[in-house]
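Open the model in your viewer and keep the selection panel at hand.

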Amino acid sequence: MTDNPKHPETLALHAGYRKDSATNAVAVPIYQTTSYQFDHTEHAANLFALKELGNIYTRIMNPTCAVLEERITALEGGAAALAVSSGQAASAIAIQNIAQAGDNVVSSTDLYGGTWNLFANTFRTMGIEVRFVDPTDPEAFRKATDERTRAYYAETLPNPKLQVFPIREVADIGEELGVPLIVDNTAAPVLCRPFDHGAHVIVYSTTKYIGGHGTSIGGLIVDSGRFDWEKHAERFPLLNRPDPSYHGAVWTKDTKALGPIAYILKARVTLQRDLGYALSPFNAFLFIQGLETLPLRIREHCRNARAVADFLARHEAVERVIYPSVFDGEQKRRAETYLTGGGFGGLVGFELKGGKEAGRRFIDGLALFYHVANIGDARSLAIHPATTTHSQLTPDEQLATGVTDGYVRLSIGIEHIDDILADLERGLAAAGGVARAAE
Ligand code: PLP
């Protein structure tokens with residue numbers, strides 16, 4: 001191993017931990033404890049005053065969670081991270097850390113449904129307005145910005161459209177106007193390193209590819225340390241004015257000696273302290289196990305997904321395939337610019353010729369694929385959004401999100417490709433009668 005390993009395969013196994021300081025254990029121990037003995041009263045006072053960093057209480061920090069945080073920080077090339085109890089908690093905290101009632105956020109329309117709900121409804125009740133803009137035009141972010149805009153928000157590889165977000169274009173607008181770009185990289189870990197393209201904060205649902213085995217719910221927020229919060233002090237009072245919740249700390253100034261971690265440290269010691277979205281050490285352990293094989297698994301997900309996209313594109317029951325490898329023009333350019341880590345991801349969409357009925361029959365015809373509302377499992381998963389996740393929306397709303405009656409979303413796993421294709425053939429044969437009738 002070199003002194004400074006840069007490759008994701010190596011970082012995923014080594015970053016942030018060598019051995020347990022007490023026992024020399026090589027696997028990361030599960031520190032299943034709520035609290036930590038202070039050495040003496042001065043030690044305790046220093047920890048609370050942030051004069052030194054250390055463990056106080058597991059709602060705020062934990063050594064197992066810390067390894068996960070350091071490892072993802074190394075993989076993303078960031079400054080520091082915070083582990084939280086879900087992907088939803090990660091996106092909520094990432095924004096609440098810098099936005100309050102009266103502020104607004106400009107977000108891409110192409111979002112996970114849960115994030116959409118958080119933004120459109122729950123944040124609204126808290127007085128935070130989210131302005132949704134179409135990411136096909138990056139300039140839409142500029143147009144929606146005003147002096148109360150606190151962040152831009154987007155997903156790297158949003159489903160169902162699977163059109164890669166123009167990270168550099170929008171990050172540059174943010175740099176110009178003093179607005180940080182927060183990117184949800186859940187569907188493209190390893191494949192995309194959003195900080196390399198100018199993003200300022202990354203959020204993850206670790207529930208998906210990072211965990212990789214469908215066992216646990218969790219989230220991460222990673223701070224690049226590269227946004228200049230002080231330069232834009234007027235826009236970010238929560239980081240630049242005395243914080244009454246922490247004996248008047250001014251986060252940008254009082255954390256300087258600790259590195260460029262004002263944003264993530266504030267999130268930890270105020271929001272995580274107050275709202276309590278703590279990740280359990282046991283789940284952190286499971287995510288560390290997942291992370292260790294993530295680069296390997298992602299390669300297989302991508303390889304299988306590409307083969308599935310090719311297979312579907314040739315199939316008579318299929319109207320259209322949605323996968324970055326089949327796009328052209330600007331969408332192809334974006335996929336090739338931002339997904340540089342070895343493939344276009346494990347998610348594949350397609351439209352069946354026979355609409356809703358064909359979708360239903362396809363799903364019921366599968367034997368290997370699981371029919372679940374999830375992505376990023378090592379197993380292959382399928383869902384027909386028009387009759388499930390998107391069934392509450394009007395047909396027009398469904399279309400706006402990229403869902404048609406015959407649309408099917410696949411999350412391709414790491415089984416043998418022949419078995420995956422055989423199962424898809426089974427589903428397509430079941431749907432095929434309807435497809436032929438529709439022709
Ligand atoms: N972001 C994306 C892209 C997701 O797909 C999901 C969940 O499906 C989330 C965030 C929310 O994550 P969690 O279910 O861990 O709260």
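**The ligand and its surroundings**

Select the ligand first: it sits in the largest pocket. The model around it is predicted.

Next, show the residues around the ligand. There are 13 of them, and those that come nearest are Gly 87, Asp 184, Ser 205, Thr 207 and Lys 208. Colour this shell by class, and 3 residues are nonpolar, 7 polar and 3 charged.

Now display the side chains of three of these neighbours and look at their N or O atoms.

- Ser 205: an N or O atom of its side chain is 2.8 Å from an oxygen atom of the ligand.
- Thr 207: the distance from a side-chain N or O atom to a ligand oxygen is 2.6 Å.
- Lys 208: here a ligand oxygen and an N or O atom of the side chain are 2.9 Å apart.

How much of it does the protein bury? Taken alone, the ligand exposes 390 Å², and 89% of that is buried by the protein.

**The cysteines**

Clear the selection and pick the cysteine sulfurs. With a cut-off of 2.5 Å between two sulfur atoms, the count of disulfides is 0.

Go to Cys 192, which is in no disulfide: the nearest cysteine sulfur belongs to Cys 302 and is 12 Å away. Is Cys 192 buried or exposed? Its relative accessible area is 0%, so Cys 192 is buried.

Finish at Cys 65. Its relative accessibility is 5%, and because buried means under 20%, Cys 65 counts as buried.

Methods
Residues are numbered from 1 along each chain as its sequence is written. This is a predicted model: local features need pLDDT of at least 70, side-chain atom pairs count only at pLDDT 80 or more; totals for chains, interfaces and linings use all residues. Side-chain values use heavy atoms; hydrogens and water are left out. A residue is near a molecule or strand if one of its heavy atoms lies within 4 Å of it. A polar contact is a pair of N or O atoms within 3.5 Å; within protein, one must be able to donate a hydrogen and the other to accept it, and residues adjacent in sequence count only if both atoms are side-chain atoms. Accessible areas come from the Shrake-Rupley method with a 1.4 Å probe; for residues, only the protein chains shown count as cover. On a 1 Å grid over the protein atoms alone, a cavity is a set of points where a 1.4 Å probe fits but cannot get out, and a pocket is an open set with protein on both sides within 12 Å along at least five of seven lines; lining residues have an atom within 4 Å of a point. A molecule sits in a cavity or pocket if more than half of its atoms lie within 2 Å of its grid points. Ala, Val, Leu, Ile, Met, Phe, Trp, Tyr, Cys and Pro count as nonpolar, Asp, Glu, Lys and Arg as charged, and the others, Gly among them, as polar. Buried means under 20% relative accessible area, exposed over 50%, partly exposed in between (1.4 Å probe, protein chains only).
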